Amino acid sequence: METTSPQTPTSTLTSAQPPDHAVRTHAKFSPSKLNYLDPEVGGCHGYLNREGTSDAAEEGTRLHELMDAAIVEYLKEGRVHSLSAILRMRAIREKWDDSTMFPLQWCAGKLDPYLAKASEVYNEQKVFIRSSSDEPLTSGHYDLLLIFEQTAAAMLFDFKFGYNPVEPAATNRQGLAYAVGVLQKNSNLSRVVSMFLQPATGGESFATFFRKDLAQHTATLTRIVRDAEILETLLEHEPVETYVDALTPGSACTYCARFAGCPAYLRQMKVAV
């Protein structure tokens, strides 16, 4: 995406301290769940998060918080030093090992050229997404938002520190939700680029979402959330035969709390046998 260096760069600090991911609240159908809830990308409207955590999830949270802290320092210092330089200084002070330093520096190397040209920088802000009927739909926290005023464009970055493949940005509902929320809030923007960075695999993926397509994108998100709400009610109050055909076993089953007793999956296995 072509950008132009603004005459007067500005920095935006969202808080005096990096956010604490452990105490953050989440919407029931948050952007991070939408891929799992959409049958069009291998999800299921009946998907339910598993409780608890894992070593991989804890490590991802730790790296996110270190990156957040570095971005806060980068902004506090007035964007004088590059993010890569900030990370090198923190690595020396805090005695990071390679398993910590590599993924953060890899991401910073991708970010620095864009950070240098951005007119506004926002980290870890909560974004609200409204439905096609202009009602609250969902909300979530993006990792990093850069705005380029002279080109009426923005870039959203999401850091994925695990090894599991990330849904491509063009069909990634989490990235779409953040982009829609940013377009809804900032009427001066004509487009938003959503980019996913995955240092463990060397993967990066991006897609551009245009204001002219905002109604269509909003309708996609509204469909996912409203269908999930309907199915949740059926699962809680109606006999299995009323909803089993709406369940769509797929790639999301691996992470679903309902997987072991899912009637649609069990029926699929019987057919296979």
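**Cysteines and cores**

Analyst: The sulfur of C256 has its closest cysteine sulfur in C253, 6.7 Å away, which is too far for a bond. This is a predicted model, so the distance is a computed one. C262 also has C253 as the site of its closest cysteine sulfur. Here the distance is 6.1 Å, again too far for a bond. The cut-off for a disulfide is 2.5 Å between cysteine sulfur atoms. By that rule, the count is zero disulfides.

Burial is a separate matter. C256 has a relative accessible area of 10%, so C256 is buried. C262 is buried as well, at 14%.

Now the nonpolar packing. The largest nonpolar core holds 33 residues. Within this core, Y142, L145, L156, V192 and L221 touch the most other members. The elements giving two or more residues are α1 (34–37), β2 (126–130), β4 (144–148), β5 (153–159), α5 (173–185), β6 (191–198), β7 (203–210) and α6 (214–237). Of these, α5 gives the most, with seven residues.

Neighbours within four places in sequence are set aside here. Beyond them, L221 is in contact with L34, I129 and L137, and also with R173, L176, A177 and V180.

Conventions: Residues are numbered from 1 along each chain as its sequence is written. This is a predicted model: local features need pLDDT of at least 70, side-chain atom pairs count only at pLDDT 80 or more; totals for chains, interfaces and linings use all residues. Side-chain values use heavy atoms; hydrogens and water are left out. Buried means under 20% relative accessible area, exposed over 50%, partly exposed in between (1.4 Å probe, protein chains only). A nonpolar core is a set of buried Ala, Val, Leu, Ile, Met, Phe, Trp, Tyr and Cys residues joined through side-chain atoms within 4.5 Å. Helices (H or I, at least four residues) and strands (E, at least two) are DSSP runs, numbered from the N terminus. Contact means heavy atoms within 4.5 Å.
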